[in-house]
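Visitor: I have a chain on my screen and would like to learn how to read it. Could you walk me through it, feature by feature?

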Amino acid sequence: QVQLVESGGGLVQAGGSLRLSCAASVQTFMAWFRQAPGNEREFVAAISWSGGSTYYADFVKGRFTISRDNAKYTVYLQMNSLKPEDTAAYYCASRTLRPNTWNAAEFHYWGQGTQVTVSS
């Protein structure tokens with residue numbers, strides 16, 4: 001059973017930054033999703049096991065960076081230039097290999113989520 005624990009969420013003003021962390025019990029393909037109230041869970045970013053390949057949703061390109069430290073079994077999401085529309089619960093997710101689509105249903109394991117709130 002894969003265990004994922006997110007941390008690092010909080011309240012920040014528009015234009016500010018936050019770094020989310022996801023501590024994992026195993027090394028796998030990892031991703032970040034987010035879900036705002038009333039919305040479906042949407043893909044944000046993903047990273048391969050080695051860290052050599054990264055993938056981003058268009059709405060975060062140039063603002064968010066996903067990375068990992070395999071020695072610490074941890075994946076990070078550095079979020080810069082935050083906007084009020086980035087407000088959501090952020091979840092890390094894992095699966096063995098890169099999925100065919102970025103649909104949340106493709107991922108097998110999930111953390112409990114961490115709330116990010118961006119004030120205007």
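Guide: Let's start with contacts, meaning heavy atoms within 4.5 Å. In the protein chain, residues 24 or more positions apart account for 56% of the contacts with a separation of 6 or more. Keep in mind that this is a predicted model, where local features need pLDDT of at least 70, side-chain atom pairs count only at pLDDT 80 or more, and totals for chains, interfaces and linings use all residues. Residues are numbered from 1 along each chain as its sequence is written, and side-chain values use heavy atoms, with hydrogens and water left out.

Visitor: How many helices and strands does the protein chain have?

Guide: Here both kinds of element are DSSP runs numbered from the N terminus: helices are H or I with at least four residues, strands are E with at least two. This protein chain has 0 helices and 11 strands. Its pattern along the sequence is β-β-β-β-β-β-β-β-β-β-β.

Visitor: What does the radius of gyration say about the protein chain?

Guide: That radius is taken over C-alpha atoms, and the globule rule to hold it against is 2.2 Å times the number of residues to the power 0.38. For this chain the radius is 13 Å, close to the 14 Å that the rule gives for 120 residues, so the chain is as compact as a globular protein of that length. Along its principal axes, the C-alpha trace spans about 40 × 30 × 25 Å.

Visitor: Now the sheets. In what order do the strands of the open sheet come?

Guide: The general idea is that strands of a sheet pair through backbone hydrogen bonds, either parallel or antiparallel. Two strands pair if DSSP finds at least two bridges between them. The open sheet here has 4 strands in the order β1-β3-β8-β7, with antiparallel pairing. Its edge strands are β1 (4-7) and β7 (64-69), each pairing on one side only. On average, neighbouring strands of this sheet are turned by 15° against each other, direction ignored; the axes are lines fitted to C-alpha atoms, and angles run from 0 to 180 degrees between N-to-C directions. As an example, β7 and β8 (residues 74-79) run antiparallel and are joined by 6 bridges, with Ile-66 opposite Leu-77 in β8.

Visitor: Which strands pair with β9?

Guide: Strand β4 (residues 29-35) pairs with β9 over 7 bridges in the antiparallel sense, and Gln-35 stands opposite Ala-89 in β9. β11 (residues 114-119) is also antiparallel to β9, over 3 bridges, and there Tyr-90 faces Thr-114. Then β10 runs antiparallel to β9 with 2 bridges, where Trp-110 is the bridge partner of Ala-93.

Visitor: Is β9 buried or exposed?

Guide: Buried means under 20% relative accessible area, exposed over 50%, and partly exposed in between (1.4 Å probe, protein chains only). In β9, 8 of the 8 residues are buried, so the strand is largely enclosed by the rest of the structure. For contrast, look at Ala-71, in the loop between β7 and β8: Ala-71 counts as exposed at 73% relative accessibility.

Visitor: Which residues touch the most other members of the largest nonpolar core?

Guide: Such a core is a set of buried Ala, Val, Leu, Ile, Met, Phe, Trp, Tyr and Cys residues joined through side-chain atoms within 4.5 Å. The largest one has 34 residues, and Trp-32, Val-44, Phe-64, Leu-77, Met-79 and Tyr-90 touch the most other members. The elements giving two or more residues to this core are β3 (18-24), β4, β5 (42-47), β7, β8, β9 and β11.

Visitor: Last topic: how many salt bridges does the structure hold?

Guide: Side chains of opposite charge can pair when their charged atoms come close. The cut-off is a side-chain nitrogen of Lys or Arg within 4 Å of a carboxyl oxygen of Asp or Glu. The structure holds 5 of these salt bridges. One of them joins Arg-63 and Asp-86, with the closest N and O atoms 2.7 Å apart. That pair links distant parts of the chain, 23 residues apart: Arg-63 is in the loop between β6 (54-56) and β7, Asp-86 in the loop between β8 and β9 (88-95). Both Arg-63 and Asp-86 are buried.

Visitor: And what about Glu-42 and Arg-34?

Guide: They form a salt bridge too, with closest N and O atoms 2.7 Å apart. Glu-42 is partly exposed at 32% relative accessible area, whereas Arg-34 is buried at 7%.
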